[in-house]
Structure formats: structure tokens, C-alpha cells
Amino acid sequence: TTIKELKGRKVEAAQALHSVRTNAPVDVVLLLLKVKGGHWHRVFLDAGVLFWEETRSLDPTDTDVEPAGDRSFELRDLEPVVGQTLGVVTMAQADDGGVLTVPFVGGGSLVLACRDAGLDEEHTTLVVTLPPSPAE
């Protein structure tokens, strides 16, 4: 699966919604990207399946997730991503989850990976790799 609509667009804002639980790894629940001159894009993986929607405005409290028990949510800015130009976004599906790759022109990427953790649980991570700095 590819999202070609974002290719060549510059990131104006980027945020990730993190699920925080006691004695458990932090999961990324939602990736939010705003492209320059465009709209917000809500991207997430659920059970390894990619969901993507474009929206004109964004209400950061409208996340479709509710705190429960020892679970809370934190919206974090992805400041180093701002200003990056996007390549073609790709989604690879596997039996144990999926991987969403948002490449940057010139190198680097955002990688959102969802893996089956057993017992009806999944673990979703976000890895940000920035392009190399130009030599001085």
C-alpha cells in the first residue's frame, strides 16, 4: 500500500499520541502530520492494518481513545520532522503486524511499526531517523 498524495510535500507540523502504561512499553497510538499549504493527516496502525484520513482541522483531544486503568495518553511534538520533504509513504503487511514508512527526501524517515505481542495485545513503536547534516 502506498500514499502517493504526500510525496514532495513539506511537513509543517508533526505529533505523535503516546499510550503510557505502568510497567509496560510506551506505544504510539496515532501519528499526526500537517503538510505545508495542506491539511492534517491522521495515520495509525491497528492490528497491523493501516488507517489514514485527511482532515482540514485537528482537535488534539479527538483521538478515539480513552484513558483506562493505569493507561494515560501524551501528545508529543515531533519537532525535528518539521521542514522535511516527504517521499512516497509505504505500508508493508506481515503476519505479525505492519510497518508504515514515511521517507524524507535526502534521507531519513519516520517508521511506525505494529507487532503482535500475544494475548490480544500489540505493540506499536515510532522510530525517527533524520537525514544526515550537510558537511560544513
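**Entry 1: a starting point**

Where does Gly8 lie? I found Gly8 in the loop between strand 1 (2-3) and strand 2. Before going on, I noted that this is a predicted model, where local features need pLDDT of at least 70, side-chain atom pairs count only at pLDDT 80 or more, and totals for chains, interfaces and linings use all residues. I also noted that residues are numbered from 1 along each chain as its sequence is written, and that side-chain values use heavy atoms, with hydrogens and water left out.

Next I looked up the contacts of Gly8, where contact means heavy atoms within 4.5 Å. Setting aside neighbours within four places in sequence, Gly8 is in contact with Thr85 and Leu86. I also checked Gly8 against Phe104: they are 96 residues apart in sequence, and their C-alpha atoms are 9.0 Å apart in space.

**Entry 2: the whole protein**

I listed the elements and found zero helices and ten strands. Here helices (H or I, at least four residues) and strands (E, at least two) are DSSP runs, numbered from the N terminus. From the N terminus on, the order reads β-β-β-β-β-β-β-β-β-β.

I then looked at burial, with buried meaning under 20% relative accessible area, exposed over 50%, and partly exposed in between (1.4 Å probe, protein chains only). Of the 136 residues, 35% count as buried. The protein exposes about 7800 Å², and carbon and sulfur atoms supply 51% of that; accessible areas come from the Shrake-Rupley method with a 1.4 Å probe, and for residues only the protein chains shown count as cover. Among contacts between residues at least 6 apart in sequence, 49% join residues at least 24 apart.

**Entry 3: the cores**

In soluble globular proteins, nonpolar side chains tend to be buried together. I looked for nonpolar cores, meaning sets of buried Ala, Val, Leu, Ile, Met, Phe, Trp, Tyr and Cys residues joined through side-chain atoms within 4.5 Å. Which residues have the most contacts inside the largest core? They are Leu78, Leu100, Leu110 and Leu126, in a core of 24 residues. The elements giving two or more residues to this core include strand 2 (11-21), strand 7 (89-94) and strand 9 (109-118). Strand 3 gives the most, with four residues.

I followed up Leu110. Beyond neighbours within four places in sequence, its contacts include Leu31, Leu33, Leu78, Leu100, Phe104 and Leu126.

**Entry 4: the salt bridges**

How many salt bridges does a search of the whole structure find? It finds three, a salt bridge being a side-chain nitrogen of Lys or Arg within 4 Å of a carboxyl oxygen of Asp or Glu.

- Glu12 pairs with Lys34, with the closest N and O atoms 3.3 Å apart. This pair links distant parts of the chain, since Glu12 is in strand 2 and Lys34 in strand 3, 22 residues apart. Lys34 counts as buried at 17% relative accessibility, whereas Glu12 is partly exposed at 37%. Not counting residues up to four places away in sequence, Lys34 also touches Lys10, Val11, Ala13, His39 and Trp40.
- Glu53 meets Arg42 at 2.8 Å, N to O. Glu53 lies in strand 5 (residues 49-55) and Arg42 in strand 4, so the pair ties together parts eleven residues apart in sequence. Arg42 is buried at 7% relative accessible area, while Glu53 is partly exposed at 40%.
- Glu74 meets Arg76 at 2.5 Å, N to O. Glu74 is partly exposed at 33%, and Arg76 is partly exposed at 33%.
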